[in-house]
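Subject: Structure for you to look at

Hello,

Here is the structure I said I would pass on. Please open it alongside this message.

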Amino acid sequence: MDILKERILKEASVISSGVLKLDSLLNHGVDPKLTMEMGKEFASRFANDKITKVITVESSGIPIAFATALELGVPLVFARRKKTLIGEQDVYCERVPSFTKGIVTDLIVSRTLLSADDTVLFIDDIIANGDAARGLVKIIEQSGAQLAGIGIVIEKSFQAGGRALRELGLRLETLVRIQSLDDNIISFED
Ligand code: 5GP
C-alpha cells in the first residue's frame, strides 16, 4: 500500500532499536479515511473466505479491525488485555508477553462471543515477535472456530513473528513490510 508507506515515512519515528512510533496513525490517533482504506484492502483480500467475525486485540487493533468488519459486514470482537472481575470463568484466556509494555498480560475473550460455528479473520496493527498473534490463535483454537487468516498493517520482517506464523501454515497478509529500522532509517521491503 503505497499511500501507507508515504504516511509512515512522513509521520513515524524510530524510538529505540526495533521500535517504531506511529502515534498519529496507529497507536494514539486514528486517520479515519486511511483506516477505512486499510479495512477495504483486508476485506478484499479475504472476500471469498466466508468470514463470520473479525477479531483483534485491544487497543491499537480496534480501528482497523472495525473498518475491516464494516466492509465485510460482520461483527467485530476484541480480546481484552487484562482480567476483569466480571465473568472471569466464562472466558478463553491466554497469557502473552507485551512487546511494548515489557510485561505479561492476559488476553481474554468471552466464550459467548466466539464459537465453533465461526470463521474468523484476525486483524492487528503491528507484528514483532508474534506473541500477541500466537496467543490469539490459541484462543481461536480453544473456541473451535476456524481461522481464515491474519491481516496485519505493519510486519517488521527483521523480527521473527511473521515468519513463525507462516511456518505454522497460517495465511498472513500484511500491508507494509519493514525490513530494517537500523540507524533510525525506515527501510521497506521491495
Ligand atoms: P508481538 O506480540 O508481535 O511481539 O507485538 C505485537 C504488539 O506489540 C502489536 O500489537 C503492537 O501494538 C506492539 N508493537 C510491536 N512492535 C511495535 C513497534 O515497533 N511500535 C509500536 N508502536 N508497537 C509495537
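This is a predicted model: local features need pLDDT of at least 70, side-chain atom pairs count only at pLDDT 80 or more; totals for chains, interfaces and linings use all residues.

The annotated site

An unreviewed UniProt entry gives a "binding site" feature at Ala 128, Asn 129, Gly 130, Asp 131 and Ala 132. In the model, the lining of the largest pocket includes Ala 128, Asn 129, Gly 130, Asp 131 and Ala 132.

Two of these residues I looked at in more detail. Ala 128 sits in the loop that runs between strand S7 (119-127) and helix H5 (131-143). Its relative accessibility is 7%, and because buried means under 20%, Ala 128 counts as buried. Setting aside neighbours within four places in sequence, Ala 128 is in contact with Phe 99, Lys 156, Gln 159, Ala 160 and Gly 161.

Asp 131 belongs to helix H5. With a relative accessibility of 25%, Asp 131 counts as partly exposed. Again leaving out neighbours within four places in sequence, Asp 131 is in contact with Val 96 and Pro 97. The Asp 131 side chain also makes a polar contact, at 3.1 Å, with the side chain of Arg 134.

The ligand

Which residues come nearest to the ligand? There are 16 residues around the ligand, and Leu 20, Asp 125, Asn 129, Gly 130 and Lys 156 come nearest.

- Leu 20: a polar backbone atom is 2.6 Å from a nitrogen atom of the ligand.
- Asn 129: a polar backbone atom is 2.8 Å from an oxygen atom of the ligand.
- Asp 124: a polar side-chain atom lies 3.4 Å from an oxygen atom of the ligand.

On its own the ligand has 510 Å² of accessible area, and the protein covers 91% of that.

Gly 151

Is Gly 151 buried or exposed? Gly 151 counts as buried, because its relative accessibility is 0%. Gly 151 is part of strand S8, residues 146-156. Apart from neighbours within four places in sequence, Gly 151 is in contact with Phe 42, Leu 121, Phe 122, Ile 123, Asp 124 and Glu 173. Asp 124, in that list, is the residue whose side chain has a polar atom 3.4 Å from a ligand oxygen. Gly 151 and Thr 68 are 83 residues apart along the chain, and their C-alpha atoms are separated by 9.6 Å.

Regards

Technical notes: Residues are numbered from 1 along each chain as its sequence is written. Side-chain values use heavy atoms; hydrogens and water are left out. UniProt positions are given in the numbering used here, feature names are shortened, and annotations may be inferred rather than shown by experiment. On a 1 Å grid over the protein atoms alone, a cavity is a set of points where a 1.4 Å probe fits but cannot get out, and a pocket is an open set with protein on both sides within 12 Å along at least five of seven lines; lining residues have an atom within 4 Å of a point. Helices (H or I, at least four residues) and strands (E, at least two) are DSSP runs, numbered from the N terminus. Buried means under 20% relative accessible area, exposed over 50%, partly exposed in between (1.4 Å probe, protein chains only). Contact means heavy atoms within 4.5 Å. A polar contact is a pair of N or O atoms within 3.5 Å; within protein, one must be able to donate a hydrogen and the other to accept it, and residues adjacent in sequence count only if both atoms are side-chain atoms. A residue is near a molecule or strand if one of its heavy atoms lies within 4 Å of it. Accessible areas come from the Shrake-Rupley method with a 1.4 Å probe; for residues, only the protein chains shown count as cover.
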